[in-house]
Amino acid sequence: MNLKIKAQIQAIIDSSNEKWDLIKNDQAYVLAVSGGKDSLALLTILSDYLDNFRCVHIAIQTDSDLSFTPYVEKFSSLEVIQTVIMKEVIASKKNPCFICSRRRNQAIFEYAHSKGIKKVIFAHNRDDVTETLLMNMLYSRKISTMLPKQELFGGKIQVVRPLYEVPEILLSNYAKDIPSIKKSCFYDGHTKRQYIKDLLTKISREHPDINAHDNLYNSILNLDLDHLPSFFEKKK
């Protein structure tokens with residue numbers, strides 16, 4: 001593995017951890033592992049930070065590819081939870097990705113709660129954050145995105161995202177030699193998220209002087225309230 005890239009990723013994680021207090025070695029965690037490059041790269045890097053974490057993979061169909069499991073077990077215990085989520089997704093005529101994500105997250109949170117673990121780690125990266133921002137603006141008519149740290153169910157579960165500020169390209173380059181699996185969902189490549197991802201890539205390609213992901217992420221941190229309408233002022 002590329003130690004230079006690993007050092008870059010760790011420097012970004014350290015910066016995010018200093019800002020938001022995401023991970024501590026004296027606490028227990030559940031890491032959600034999809035088998036893709038992001039979660040396996042995070043697993044590899046987390047082993048330098050944490051001693052007490054376990055991994056969970058939610059298999060959404062009975063013939064899920066589990067070829068990545070020996071790699072995971074080099075670093076942590078792994079629980080594979082078999083589900084029939086894909087049947088529910090296929091039966092749905094609206095928002096299949098939303099249903100799949102919600103059901104997988106539910107299974108992950110239930111697993112963590114059953115083990116008495118409050119902290120759940122997701123491997124969402126900075127590109128996921130910006131794509132979610134644009135998706136919510138276009139499809140949900142609201143300005144919102146993922147949080148680096150989020151309390152759920154009255155504080156019973158806390159989600160943390162150590163890769164929040166890490167660009168996807170860094171993870172892709174770091175994970176080249178990690179035995180990840182390809183997505184097997186037949187919706188893959190035809191989702192709203194993929195459309196947004198392709199759109200941002202196209203913008204950056206056609207306008208090399210800007211990085212669409214960078215600019216969108218920085219816009220979250222640079223709200224110009226003087227040029228946004230206020231709906232909270234009392235009417236005169």
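Biologist: What does alanine 107 touch, leaving aside its neighbours within four places in sequence?

Modeller: In this predicted model, alanine 107 is in contact with Ile58 and Ile81. Alanine 107 sits in helix H5, residues 96-114.

Biologist: Why is alanine 107 called buried?

Modeller: Its relative accessibility is 12%. Buried means under 20%. So alanine 107 counts as buried.

Biologist: Now to glutamate 131. Where is glutamate 131 found?

Modeller: Glutamate 131 belongs to helix H6.

Biologist: Is glutamate 131 buried or exposed, and how do you know?

Modeller: Its relative accessibility is 0%. The cut-off for buried is under 20%. Glutamate 131 therefore counts as buried.

Biologist: Which residues does glutamate 131 touch, not counting those up to four places away in sequence?

Modeller: Glutamate 131 touches Arg193, Ile196, Lys197, Leu200 and His213. Leucine 216 is 85 residues from glutamate 131 in sequence. In space they are 8.7 Å apart, C-alpha to C-alpha.

Biologist: What makes H6 and H8 roughly perpendicular?

Modeller: The axes of H6 (residues 126-139) and H8 (residues 192-206) cross at roughly 110°. Angles of 65 to 115 degrees count as roughly perpendicular. So H6 and H8 are roughly perpendicular to each other. Their axes come within 10 Å, and the crossing is right-handed.

Biologist: Why are H6 and H9 called roughly perpendicular?

Modeller: H6 and H9 (residues 212-220) pack at an angle of about 75°. The range for roughly perpendicular is 65 to 115 degrees. H6 and H9 are therefore roughly perpendicular to each other. Their axes are 9 Å apart.

Biologist: Which residues meet there, in H6 and in H9?

Modeller: H6 brings Arg126, Asp127, Val129, Thr130, Glu131, Leu133 and Leu134. H9 brings His213, Asp214, Leu216, Tyr217, Ser219 and Ile220. The residues of this contact divide into six nonpolar, three polar and four charged.

Biologist: Which residues of H8 and H9 meet?

Modeller: Leu200, Ile203 and Ser204 in H8 meet Ala212, His213 and Leu216 in H9. This contact has four nonpolar, two polar and no charged residues.

Biologist: Let us turn to the cores. How many residues are in the largest nonpolar core?

Modeller: The largest nonpolar core has 32 residues. Ile9, Leu31 and Ile121 have the most contacts inside it. Elements giving two or more residues include helix H1 (3-20), strand E1 (29-32) and helix H7 (168-174). H2 gives the most, with six residues.

Biologist: What does isoleucine 9 touch, not counting residues up to four places away in sequence?

Modeller: Isoleucine 9 touches Ile45, Leu163, Val166, Leu170, Leu171 and Tyr174. There is also a second, separate core of 20 residues. Ile60, Ile85, Ile117 and Val159 are among them.

Biologist: Why is aspartate 21 called partly exposed?

Modeller: Its relative accessibility is 36%. Buried is under 20% and exposed is over 50%, with partly exposed in between. Aspartate 21 therefore counts as partly exposed. Aspartate 21 lies in the loop between H1 and E1. Its phi is positive, about 55°, although it is not a glycine.

Biologist: And what makes arginine 141 exposed?

Modeller: Its relative accessible area is 78%. Exposed means over 50%. So arginine 141 is exposed. Arginine 141 is in the loop between H6 and strand E5 (149-152). Phi of arginine 141 is near 60°, a positive value in a residue other than glycine.

Notes:
Residues are numbered from 1 along each chain as its sequence is written. This is a predicted model: local features need pLDDT of at least 70, side-chain atom pairs count only at pLDDT 80 or more; totals for chains, interfaces and linings use all residues. Side-chain values use heavy atoms; hydrogens and water are left out. Axes are lines fitted to C-alpha atoms, for helices over the stretch in contact, and angles run from 0 to 180 degrees between N-to-C directions. Helices (H or I, at least four residues) and strands (E, at least two) are DSSP runs, numbered from the N terminus. Angles under 35 degrees count as roughly parallel, over 145 as roughly antiparallel, 65 to 115 as roughly perpendicular and the rest as oblique. A crossing is left-handed if the near helix is turned anticlockwise from the far one by less than a right angle, and right-handed if clockwise. A nonpolar core is a set of buried Ala, Val, Leu, Ile, Met, Phe, Trp, Tyr and Cys residues joined through side-chain atoms within 4.5 Å. Buried means under 20% relative accessible area, exposed over 50%, partly exposed in between (1.4 Å probe, protein chains only). Contact means heavy atoms within 4.5 Å. Ala, Val, Leu, Ile, Met, Phe, Trp, Tyr, Cys and Pro count as nonpolar, Asp, Glu, Lys and Arg as charged, and the others, Gly among them, as polar.
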